Amino acid sequence: MQPWIEIILAIVVLAGVGGAFFVRGRRRQIPMPTSRPVLVRARPAPVPADAAPEVAAEQPQAPDLTDTPEPAAGRLLRLRARLARSESTLGRGLLTLLSRDTLDDATWQEVEDLLLTADVGVAASNELVESLKTKAKVLGTRSADDARKLLRAGLLELVDPTLDRTLTTRRADGEGPAIVLVVGVNGTGKTTTCGKVARLLVAEGRTVVLGAADTFRAAAADQLETWGRRVGAQTVRGPEGSDPASVAFEAVKTGIALRADTVLIDTAGRLHTKSGLMDELGKVKRVIEKQSAVDEVLLVLDATTGQNGLVQARVFAEVVAITGVVLTKLDGTAKGGIVISVQRELGVPVKLVGLGEGADDLAPFEVDAFVDALLGT
């Protein structure tokens with residue numbers, strides 16, 4: 001064999017052996033995978049054609065009951081002093097005017113102006129002033145106590161104690177859970193309200209499933225899950241950016257499977273002027289209704305927005321048929337008249353009011369307690 005051929009063969013053999021050792025060395029350098037917690041997901045439900053196919057419904061950890069919700073009965077009475085502090089300006093102002101020796105046209109104009117500044121609304125303010133004028137002429141008002149009784153009766157009539165403020169949280173026929181959809185614009189406190197409503201229901205002995213259909217903010221789903229874990233409510237959620245209608249569909253399916261009393265579905269905040277987002281909200285409701293009727297649609301309004309909140313309310317009512325209003329931050333405003341104007345505008349009652357940042361500071365709306373708080377009694 002020629003010497004040069006032997007040299008080439010030696011090089012080839014050495015290259016092959018070196019390559020084998022190189023590959024084995026590289027393989028030894030590849031780290032073995034470390035063990036990770038396994039995320040247990042619920043078996044996906046059949047998804048309607050108009051809903052995104054991928055939904056991740058997380059089975060939450062075992063309930064971490066860190067506290068016991070405060071009983072719902074009489075909450076507003078316990079919180080009335082807090083409401084009265086913010087509303088006493090209206091009550092004191094009206095009582096001072098109506099206690100004057102002479103109730104002339106200028107005084108009645110001042111009464112109407114004060115009602116308007118409290119967001120009672122033009123029509124309701126005119127109605128109340130005319131009613132008070134008539135009663136004052138017939139009955140007379142000679143003392144602060146007379147004025148208070150007169151004003152209390154007038155305000156009670158405007159707030160309307162005849163409206164049904166019952167929150168549907170259990171089906172009368174027992175067929176499946178009651179479905180409660182929570183909607184509203186950005187920043188009104190929908191996710192927090194969902195958590196507080198869950199606490200309210202658990203305090204009444206209800207079993208609750210929470211649906212985190214605000215998929216635009218991962219923090220919203222985390223927040224809702226935390227609320228649920230504190231009271232033992234299961235939370236169904238999907239990955240960030242997933243289709244909210246699919247998450248809502250899965251939440252209802254889970255509620256039916258668990259024979260829960262109530263399914264509470266949190267939706268993303270959306271400006272009432274954005275038609276695309278409002279259409280998406282309508283889609284969420286339609287997809288839910290493929291499995292079950294929606295029993296309640298609660299509109300969360302920030303009481304501090306005053307009359308601007310009515311514009312929002314009209315658009316939401318057109319899209320998803322509002323059945324009740326939750327007024328948040330009512331303790332931080334002297335404009336409690338929004339209760340009157342929003343009810344007249346929508347034709348639906350205020351069912352819940354938020355009076356603070358505490359977990360149990362959401363209360364069923366009680367007309368007598370509210371009017372007494374307005375008057376500072």
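Arginine 199 is buried, with a relative accessible area of 1%; here buried means under 20% relative accessible area, exposed means over 50%, and partly exposed covers what lies in between, using a 1.4 Å probe on protein chains only. Before going further, a word on the model: it is predicted, local features need pLDDT of at least 70, side-chain atom pairs count only at pLDDT 80 or more, and totals for chains, interfaces and linings use all residues. Residues are numbered from 1 along each chain as its sequence is written, and side-chain values use heavy atoms, leaving out hydrogens and water.

**Salt bridges**

Let's see what arginine 199 pairs with. Its salt-bridge partner is aspartate 360, where a salt bridge is a side-chain nitrogen of Lys or Arg within 4 Å of a carboxyl oxygen of Asp or Glu. Aspartate 360 also counts as buried, at 13% relative accessibility. Side chains of opposite charge can pair when their charged atoms come close.

| Pair | Closest N and O atoms |
|---|---|
| Aspartate 360 and arginine 199 | 3.1 Å |
| Arginine 229 and glutamate 225 | 3.6 Å |
| Glutamate 345 and arginine 314 | 2.6 Å |

Glutamate 345 lies in helix H11 and arginine 314 in helix H10 (residues 308–320), so this pair ties together parts that are 31 residues apart in sequence. Helices (H or I, at least four residues) and strands (E, at least two) are DSSP runs, numbered from the N terminus. Both partners count as partly exposed: glutamate 345 has 33% relative accessibility, and arginine 314 has 35%.

Now for a pair within one helix. Arginine 229 and glutamate 225 are four residues apart in helix H7 (residues 218–231), so about one helical turn separates them. An α-helix has 3.6 residues a turn, so residues three or four places apart point the same way. Arginine 229 is partly exposed at 24% relative accessibility, whereas glutamate 225 is buried, with a relative accessible area of 8%.

**Helix H11**

Back to the helix that carries glutamate 345. H11 spans residues 338–346 and is mostly covered, with seven of its nine residues buried. Those buried residues are Ile338, Val339, Ile340, Ser341, Val342, Gln343 and Leu346. What follows H11 in the chain? Glycine 347 does, and its phi is positive, near 75°.
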